[in-house]
Amino acid sequence: MTEKRTYSIARIGGDGIGPEVIAEASRVTEAAGVAMGFDITWTDYPFGARHYNETGEILPEKALEEFTRHDALLLGAIGDPSVKPGLLEQGILLRLRFHFDQYVNLRPAKSLPRVPMPVKAESVDIVVVRENTEDFYMNLGGTGEGKSLEMCFEASRNAYDLKGRLLLDFTLPSHAAAQVGIATEAAVRRITAYACKTAAARREKCIVLASKSNALSWIYGFWEEIAKDEAGRQGVECTVANVDALCYHLVRDPGRFGVILTPNMFGDIVSDLLAGIAGGLGTAAGANIGDGLSMFEPVHGSAPDIAKTGKANPVAAILSAALMLRHIGEARAAEAIEGAVESYLAESDQADLPWEFGGKAATPKVGKAIAERVKSGRS
Ligand code: NAD
Ligand code: IPM
Ligand code: MN
């Protein structure tokens, strides 16, 4: 007799609406398990603002070690007005992305049935492939007060950064700050290769690179050179668009775009823009993928403005769980969830839709409706 497939998932609800949407993503994941014959065991971790305020702990080494024994990590959102901005976002979210070298931040932007888009377009089906380990996100920098840049970098370097290169003979004026972005050939090549494979899986022959070499020639000129070379090796055409103009074209005519490759910071911005275009942050799923533990989380944050009101749209978290299931080898379950989300949106009464889509259904009601469809195979 073959054993039932069982997956072990680490789970961090986090702050604000994070736990609310993760509860629904979990409900729908379990429903997919019932329908497709696998079990999920969850291990919950309390990290986030409340845990930090009560204990002073952000993300202990022990947890990082435990995560490696799981098949994936499902995360809601991190960040709360009670904690200095950045402390938890960097200490938990970015720490996880860097520690596990999750070099791909995959952010599909897809229009959904009956979800109104604020732009003139029939439909949108774009995937942002965001580099997730470099650029201005490396925590290389510091503030001035007469310090040399070298001292700033020494103070802020961490084990996952550049292992001791760079360092300039330059003293910052006081009342100044520096933040340095790095691009390495290895990182640009591996993310470009991933973007090319993503395009090939969609039967597309071209990717667009979001760049800005007209102003920041060192880093983004380098990006263009390496990305074009790697795309050529992969048999894919890589066209380049300055990110400002790209944003303009995305709003005017999003239907003409497919795979968009971005450095880390542009990807952060472009993915929120695309979420808005597709109908709301509550539509936008995300995956942080690496060769070790991968992490799945919606693009949106903790939305403290709507926490505990029932207005949080769980669809983005539910679609992130579908990405997770596809990643761990349950592609049919992922398709069942994606289909159930679409049929629920297409067939439900207006009042039974999430608040973000103009309905009145509270977060758990949305999750239950989608889970029911997954269980009964109505996709
Ligand atoms: P946000 O994404 O939390 O919210 C932006 C706007 O979108 C808000 O008006 C919010 O109500 C709305 N929104 C977001 N998700 C929604 C959903 N599922 N349903 C309905 N409406 C939704 O961005 P912000 O306000 O800039 O950040 C709030 C906090 O979240 C900050 O602490 C920030 O650092 C953090 N943050 C965390 C992540 C993450 O954990 N991945 C991502 C972005 C922001
Ligand atoms: C995101 C978020 C994070 C980022 C923040 C919270 C550090 O905005 O996941 O898009 O900038 O990547
Ligand atoms: Mn963001």
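What is the volume of the largest pocket? The largest pocket has a volume of about 570 Å³. The model is predicted, so that local features need pLDDT of at least 70 and side-chain atom pairs count only at pLDDT 80 or more, while totals for chains, interfaces and linings use all residues. Residues are numbered from 1 along each chain as its sequence is written, chains are lettered from A and ligands numbered from 1 in the order in which they are written, and side-chain values use heavy atoms, with hydrogens and water left out.

Pockets and cavities were located on a 1 Å grid over the protein atoms alone: a pocket is an open set of points with protein on both sides within 12 Å along at least five of seven lines, a cavity is a set where a 1.4 Å probe fits but cannot get out, and lining residues have an atom within 4 Å of a point. Grid points are joined across faces, edges and corners, and a volume is the space filled by probe spheres set on the points. The lining of the largest pocket consists of 22 residues, and Pro108, Lys110, Leu323, Arg326 and Glu338 lie nearest its centre. At least two lining residues each come from E4, strand E5 (125-131), helix H6 (185-201), strand E11 (287-289), helix H10 (315-327) and helix H11 (331-347); helices (H or I, at least four residues) and strands (E, at least two) are DSSP runs numbered from the N terminus. By class, 13 of the lining residues are nonpolar, three polar and six charged, where Ala, Val, Leu, Ile, Met, Phe, Trp, Tyr, Cys and Pro count as nonpolar, Asp, Glu, Lys and Arg as charged, and the others, Gly among them, as polar.

Two cavities of 30 Å³ or more are present. The second largest cavity, of about 40 Å³, is lined by Arg107, Pro108, Ala109, Val128, Ser271, Leu274, Ala275 and Ala284. Strand E4 (104-110) and helix H9 (264-278) are the elements that give two or more residues to this lining.

Ligand 1 is surrounded by 22 residues, the closest being Ile78, Glu89, Gly301, Ala303 and Asp305; a residue is counted if one of its heavy atoms lies within 4 Å of the molecule. This shell has 10 nonpolar, six polar and six charged residues. A polar side-chain atom of glutamate 89 lies 2.5 Å from an oxygen atom of ligand 1. Backbone N or O atoms also approach the ligand, that of alanine 303 at 2.8 Å from an oxygen atom and that of asparagine 313 at 2.9 Å from a nitrogen atom. On its own, ligand 1 has 810 Å² of accessible area, of which the protein covers 68%; accessible areas come from the Shrake-Rupley method with a 1.4 Å probe.

Glu89 also belongs to the residues around ligand 2, together with Leu93, Arg97, Arg107, Arg130, Tyr137 and Asp268. Helix H4 (residues 87-99) gives the largest share of this shell, three residues. Two residues of the shell are nonpolar, none polar and five charged. Polar side-chain atoms lie 2.7 Å from an oxygen atom of ligand 2 in arginine 97, and 2.8 Å from an oxygen atom of this ligand in both arginine 107 and aspartate 268. Ligand 2 taken alone exposes 320 Å², and the protein buries 77% of that.

Key:
Polar contact = N/O pair within 3.5 Å; in protein donor to acceptor, adjacent residues only side chain to side chain.
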